[in-house]
Amino acid sequence: MAAALVLAGIGLYLSFEHVAVFAHKELRFGSLGKGQLFAVGVDVGIMIMIAVDLLMAWLKRPISWIRYPVWLLTAATVVLNAASGAPRNRGWELVDYVAAGAHGLVPVLFIAVVELGRDAIDRMVRPERAERDSIPWLRWILAPVATSRIFRRMRLWGVTSYPEMTRRDQELIAYEQWLKRKYDGDISKATEDELLPMKMAPYGYTVAQALAMPDEQEQAAQGRKEDAQRRRLDADTRSEVAKSRAEAERLRAKGEVELVQAEVDGQTGQARAHARAQVSAAERAAELEQQALDNAVVAEARAREAEAERKAAEERKAAAAADLEKAGLERQAAEQRRMAAEADKVAAAEAGAIETERIAKARKAAAAADLEAADLEREAAQKRKEAAEADRVTAAEAQAVETQAVAEARQAAAEADRRAAETEQAAAETRRAAAEADRKKAEEDRGREAALADAARSQQEAAEAERVAAETRRAAAEIEQRAVEAEDAAKLFPRERAVRKVARMALAAGGVFAGLDAEEMHRELCRVVTIADVQREFDVSSTDTASKYRQEAVLLLAGGYRP
């Protein structure tokens, strides 16, 4: 790199002044300064493009066309330098040609060094790139025409190996000689397929590739034919699918028409049933009116019987009142007898009291004496108690004087023990609070884990239930699909389809009909499929129609229908 920079500096130094003076004098630039700017612009442009070319080659992003402007500007510099050394006012001599060549030698050498550096960088940053072999110069001298054809094919078709190119050329020559020997020197007798190697050689084909072209083209044509046939079959398939869909739409429309007809029939039947219900209601009203008249006669007879019973009850009530009054009189007589007996008892008691009054006074006097003696004894006992208390206080004071120091020491020790106990209690309280906090935290953790476990279990159970429900729905959908296909194949009417649908609803709802008679089957179907379910499924408002659907479904199940 340093040598290239030195070489570039030498070239700039040698060519700058000659080009500037030549541009000023011969190229009619206005001044020498403008000529110098021209020389600087050309040289700087060459250096910039060379720097960009080398940089992009180093970044593995080479720009191939940038080399050609560099060569063109370098050639212009060489021409300008050579023209600056041309003789004036005399003819050219050998020394003049040598001088012109010497003026352009350094720029040419500089470009050669730049190309060498660019190729070295390209080989360093892209070692995997295949190298292009150069054709020996001796071949150019000995066989220029054939060598130019080889060079042209190598450049046009990306053949980088010169030995590979010569091998191809040798195979082509050998094949041509074989054809001449085969047809006694007249190659024009060869077929078009046999002449393909000579025709396709300018396009980079080898002999083997050219001879394999017919088979490859036939295979490609066969592939295109098969693709066309496949596309035609796909188009036919799509057409059949479209026809099938159109037929399905037609059948669906026909089914809708039949459904509307069934709805109209149902509404007509509903109207007829309503009319029959009104007639039945009128007949029932007449019967009720007749029954009301009969009931009125019976009610009148019953009213007379009730009036007779009421009178009999009033008579019984009057008799009961008389009995009650009689009982009251008897109670008053008994009360008077009881009061007379009580008066007799009081009189007897007063007589006994008069006799025992003296005995009571004597006993009262004795009791008063006993009470006075007890008071005196109590006062004596109180005085003895006061004396004993005074002696105890005196002894206690004496003992207190003697043991005051001991009491103070004990008090100090007790105070210290109390403080220690308080400290220990505070520590125990702190430990208890910490233990309580840990216990609560552990309980919270256990509760959280239990909640998470319950949530996970609930989610798992919900997922399992959803899976089971999905499986059930899928099985029911498959059964329904098979049943619909069978009904389509049998071309059943809408009412028959509806009855079969009710039977499938009962089976899908878990109804068990095996081993049951007709009445038990009817109860079982009514249990699992209500009239509201049938009305909602078939969008009918008549309960009579829904009930008939269920009855016919029972008959169908009794006949052994299982989808």
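The lining of the second largest cavity splits into 6 nonpolar, 2 polar and 4 charged residues. Here Ala, Val, Leu, Ile, Met, Phe, Trp, Tyr, Cys and Pro count as nonpolar, Asp, Glu, Lys and Arg as charged, and the others, Gly among them, as polar.

This is a predicted model: local features need pLDDT of at least 70, side-chain atom pairs count only at pLDDT 80 or more, and totals for chains, interfaces and linings use all residues. Residues are numbered from 1 along each chain as its sequence is written, and side-chain values use heavy atoms, with hydrogens and water left out.

**Stop 1: the cavity**

Select Arg153, Met165, Arg168, Asp169, Glu171, Leu172, Pro197, Ala201, Gly204, Tyr205, Thr206 and Val207. They line the second largest cavity. On a 1 Å grid over the protein atoms alone, a cavity is a set of points where a 1.4 Å probe fits but cannot get out; a pocket is an open set with protein on both sides within 12 Å along at least five of seven lines; lining residues have an atom within 4 Å of a point. The volume of this cavity is about 90 Å³, taken as the space filled by probe spheres set on the points, which are joined across faces, edges and corners. Now colour helix H7 (residues 162–182), which gives the most to this lining, with 5 residues. Helices (H or I, at least four residues) are DSSP runs, numbered from the N terminus.

**Stop 2: the largest pocket**

The largest pocket holds about 1400 Å³ of space. Centre the view on Gly255, Leu259, Phe493, Pro494 and Arg497, the closest to its centre of the 39 lining residues. Next, show H9 (207–402), which gives the largest share of the lining, 17 residues. By class, the lining has 12 nonpolar, 9 polar and 18 charged residues.

**Stop 3: H13 and H14**

Select H13 (residues 531–538) and H14 (residues 543–558). Their axes (lines fitted to C-alpha atoms over the stretch in contact, with angles from 0 to 180 degrees between N-to-C directions) come within 9 Å and cross at roughly 100°. The two helices are therefore roughly perpendicular to each other (65 to 115 degrees). Show side chains for Ile531, Val534, Gln535 and Phe538 in H13. They meet Thr543, Ala546, Ser547, Tyr549 and Arg550 in H14, where contact means heavy atoms within 4.5 Å.

**Last stop: confidence**

Colour by pLDDT, the predictor's confidence in each residue, from 0 to 100. The chain mean is 76, and 75% of residues reach 70 or more. Over residues 351–356 the pLDDT is below 50.

Technical notes
Angles under 35 degrees count as roughly parallel, over 145 as roughly antiparallel, 65 to 115 as roughly perpendicular and the rest as oblique.
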